[in-house]
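Here is a friendly walk through this structure, moving from overall confidence to a few selected elements. Keep the 3D view open as you read.

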Amino acid sequence: MAKLDHIRNFSIIAHIDHGKSTLADRILEITGLVGERDQREQYLDRMELERERGITIKAQAVRIPYKAKDGEEYVLNLIDTPGHVDFGYEVSRSLAACEGALLVVDSTQGVEAQTLANVYLALDHDHEIVPVLNKIDLPSADVDRVSSEIEESIGLDAEEAVGVSAKTGLNVDQVLEAIVERLPAPQGDKDAPLKALIFDSWYDSYQGVIVMFRIIDGTVKKGDKIRLMATGKEYDITRLGVFSPEMVEMKELAAGEVGFLCATIKELGDAKVGDTITLASNPSSEAIPGFKEVQPMVFCGLYPSDSQDYENLKYALEKLQLNDAAFQYEAETSQALGFGFRCGFLGLLHMEIIQERIEREFNIDLIATAPSVIYKVMTADGVTHEVDNPAKLPDPSKTEALYEPFVRCEIHVPDEYVGNVLKLCEEKRGIQKDMKYLTTNRVIITYELPFAEIVYDFFDKLKSYTKGYASMDYEIVDYREANLVKLDMLINGDPVDALATIVHKDKAYYHGRAVALKLKRSIPRQLYEVVVQAAIGQKIIARERNAPLRKNVTAKCYGGDISRKRKLLEKQKEGKKRMKRMGNIELPQEAFLAALKIGDD
Amino acid sequence: MLLYLHVPFCRSKCGYCAFHSQVPNDDAMQVYLDAVMREIALWGDRLGNVPVETVFLGGGTPSMLPARAIDALLNRLSKTFAVKQGAEISMEANPESVVRDTFLYDIHAAGINRLSLGVQSLNRDLLHILGRPHTAKQAVVAVEQARKNGFGNINLDFIWGLPGQSLGNWLKELKSIVKLKPDHISCYSLSIEENTPFEKAHDDGTIELPSDDDQSKMFLYGAEFLELQGYAHYEISNFARMGYQCRHNLGYWEGADYLGLGPSAVSTVNSRRWSNVKDLNTYVQHVESGEIGNNTEALTPHERMQELIMLRLRTARGLRLAAYKELTGRTFMEDFRPMITALHQHGLIKIRNGYLNLTKRGMLVSNTIIENLFDAMDRLQGLKC
């Protein structure tokens, strides 16, 4: 058990690629926690995907013993948080477990929208923040400019920023000293009733759910009977300890400390992030505030490209959900794609990650339908329904009103691209809320936008409109009534459910024509004419025709030709692409994917 | 059994042709004849006195052989095998090589009862492009002479889809063809074969084929026209007046056994297939050593099924669905139901009286249909394992 005033709990806030994981690696190395031999890049990012994409998906915590220059032994708990807007709630819970944060800013880049959002989150938690300017060894580093950005946008005194190179290890020791000197020690009463915050949990097939927590008040021992306040369920602690960096068992942990516990909790949903752990025998009277159930915001259909993979896909989804309570799925059937699942995600990145993990870790080829948000539909009888699948939108004649989610979106951009960003936001039905200079040449633009437009192709467009210099952050604010219609795509007269989308009426014509054309172009000539149509209700708004294949015939086939012709046809057949039946024609998977792929070419 | 006898000689090589032939000298002709005579005897010994329904002398240009050589060959064949009474005995001939002395009379007397003339075109310019060694006029004379010499069953071969040919040209040509009153007409769309001068010219862009659309119309309108004139479209490229279908070729499409004699000839007997070497001298050696026909390969059940589908679907009669069941134990309609439904909806196939056949529009894209069937067959096989 560490003394309260010798504990520092901190997180690292940084934009993707600004060097958070590298800095964490150096800290582990300098403190001697991870020897040369055990080193690997991005030590804390356990998932292959995290390491590869350079992002943190799951929160991690590591206890670092550190002997400071004042000769005292300190316990530093680094709580590594996910850095993406999709995981905003998890970030907020991780931050609630700390008293301070390192703000890592790439001195060749500057402050990004996401960084800022997380800094504000940290400030909301009354965190002390130590700015760290990374990559100062690079010739393109502009410490002055970035310092003034930090001062102007966050109001931190950048004079005291630590300039480091996480890559070379330069000045990382100063960062450790700053943590001890400038970040506050936790407060709390180790004799009060137990109150501990769950900031992460995951499923382990041997030990059940492993819970990461931060003790606010009280003391917890191995063998204690705990109660989880949101569910009221009680468990006996079978293992208690800390990660340092591997699991180390401890007899007890007290206020201010960070650790893990196992208590034969079978389902991840029973140990929800944000919940409060207390003792069954001496419960705390109130839970830690801020707990909420996370809800998926983005939905899409996932189908195996090979219908024989259905069971495998189901298995993969079960496995992934074990460790990701925010991810939801349920079985659905599409006429076009067969048996699959409707899946709900926190956001687009979350969706991409899950899809990638299914394809990579479970080796299943997927077809994903276009992502959709949750719409609210008020039917004539005054009842409001939630619709996450465009194919299930009620008939327009029965619909009284349609509502779509709006987000408040902050975009950081160099001033030369402001015009482009405004144009994009206006195109996307945005409502401008604010625009101000962050520094002399960086601007924060605030818009309210339909979430569906963000999900559609906003990121891609923003990137291309600003040559990749913009960063953005958003949060859902409310639902607003909108003039929305369901756009059906028909192939030879049959609607293809998997290609149905909900679009704003003003954009339906443009969108319908674009998808019809895309389909027409990607469908190879068939044996018969293929007509692609876009329709709103009974009204056809776009039509494209694919002329049938004209001639492919062997003129002569006599006794001496038979073997050769058979082999030729056999060979041609092998060149054939995997087909998906849509309507009454067979489509190569490429055509289908092209139609689903959102945005312009 | 069907008998095919390959004559590998041509007066000159045509630019589009990938068949095996050479320009002969007297020696080569004699060497060839001796070897074929021996090969006939060899197969007689091996197969016994098997019944033969049809004989087909093809090439090359069989009409380059002297009439007495043809007589000798047919004689040997009918002494070796049980050539049936009334058997169809066809011979391919070039117009310029039949109108000489008493050649037509002699070969008719020798037993040839079906003459297939390689006219290819009645248009002077197109004949020139094809590199044919005869004129349209010679072709007309050849037909007249053949009739006068007793040929009651005459086929004329044509090629369409030629460089510079228009749909109108082809339909006009078909009118002229019909005026010659042949009993049978073969209309082959020009295919660019590998390693031919045409392939090179096509790659170079020196020749340009009619557009896909025009070629499709040549096929569809041409076939309709010939049917109106009383020629049944009984196979993708073949038309015949009632009772004049080529029994020999129908045999191939219906899966009959056939014995091929001569260089490069292919045989299929009892589901085993082999082919003779192309080169004349090697062929002669193989005949002398007796190793000819030692290279047989058994067709797998899968290949037999593929060939059944591929060949039967060439004919207007189509695939007998029961034959598929006999070969595979499965039901064709069930195995391929979604595809059959789609093809049927779009008028590419017809199903009647237990047969499934391609319509004219289906024939036009028959390769694609067959590839799709092959692909679906593989998936069926996959399911079985």
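## Confidence in the model

This is a predicted model, and chain A averages a pLDDT of 85, with 91% of its residues scoring at least 70. Within chain A, helix α2 (residues 48–53) has the lowest mean pLDDT of its elements, at 52. Strand β16 (residues 276–279) of chain A has the highest, at 96. A word of caution belongs here: where pLDDT is low, the predicted coordinates should not be read in detail.

For chain B the mean pLDDT is 93, and 99% of its residues reach 70 or more. For the complex, the predictor gives an ipTM of 0.92 and a pTM of 0.63.

## Chain A in outline

Chain A has 601 residues, of which 57% count as buried. Its secondary structure comes to 13 helices and 34 strands. If you take the contacts in chain A between residues at least 6 apart in sequence, 70% of them join residues at least 24 apart.

## Helix α7 of chain A

Let's look at one helix of this chain. Helix α7(A) covers residues 310–322, which makes 13 residues. From first C-alpha to last, α7(A) reaches 19 Å, close to the 18 Å expected at 1.5 Å a residue.

Which residues of α7(A) are buried? They are Y310(A), L313(A), A316(A), L317(A) and L320(A). Viewed down the axis of α7(A), these buried residues fall within an arc of 120°, so they line one face of the helix.

## Helix α2 of chain B

Now over to chain B, where α2(B) spans residues 67–80. At 1.5 Å a residue, the 14 residues of α2(B) should span 20 Å, and its end C-alpha atoms are 20 Å apart, which agrees. The buried residues in α2(B) are A67(B), A69(B), I70(B), L73(B), L74(B), L77(B) and T80(B). Seen down the axis of α2(B), they fall within an arc of 165°, so they line one face of the helix. The face turned away from that buried side carries the exposed residues R68(B) and K79(B).

What covers the buried residues of α2(B)? Among the elements that do so are β1 (2–7), α1 (26–47), β2 (51–59) and β3 (82–93) of chain B, together with α4 (103–110) and β9 (258–261).

## A closer look at T80(B)

T80(B) lies in α2(B) and has a relative accessible area of 15%, so it counts as buried. Its side chain reaches the backbone oxygen of R76(B) at 2.6 Å. Leaving aside neighbours within four places in sequence, T80(B) is in contact with I40(B), G44(B), G48(B) and N49(B).

## Strand β1 of chain B

One of the elements covering α2(B) is β1(B), and this strand is itself mostly covered: six of its six residues are buried. In a regular strand the side chains alternate between the two faces of the sheet. In β1(B), L2(B), Y4(B) and H6(B) point one way, while L3(B), L5(B) and V7(B) point the other way.

How many bridges join β1(B) to β2(B)? There are six, and the two strands run parallel. The bridge partner of V7(B) in β2(B) is G59(B).

Notes:
Residues numbered from 1 in each chain as written. Chains lettered and ligands numbered in written order. Predicted model: local features only at pLDDT ≥ 70, side-chain atom pairs only at ≥ 80, totals over all residues. Heavy atoms only, no water. Helix = DSSP H or I, 4+ residues; strand = E, 2+ residues; numbered from the N terminus. Expected span 1.5 Å × (residues − 1). Buried < 20%, exposed > 50% of the residue type's maximum accessible area, 1.4 Å probe, protein only. Arc of directions from axis to C-beta. pLDDT = per-residue confidence, 0-100. Polar contact = N/O pair within 3.5 Å; in protein donor to acceptor, adjacent residues only side chain to side chain. Contact = heavy atoms within 4.5 Å. Pairing = 2+ DSSP bridges.
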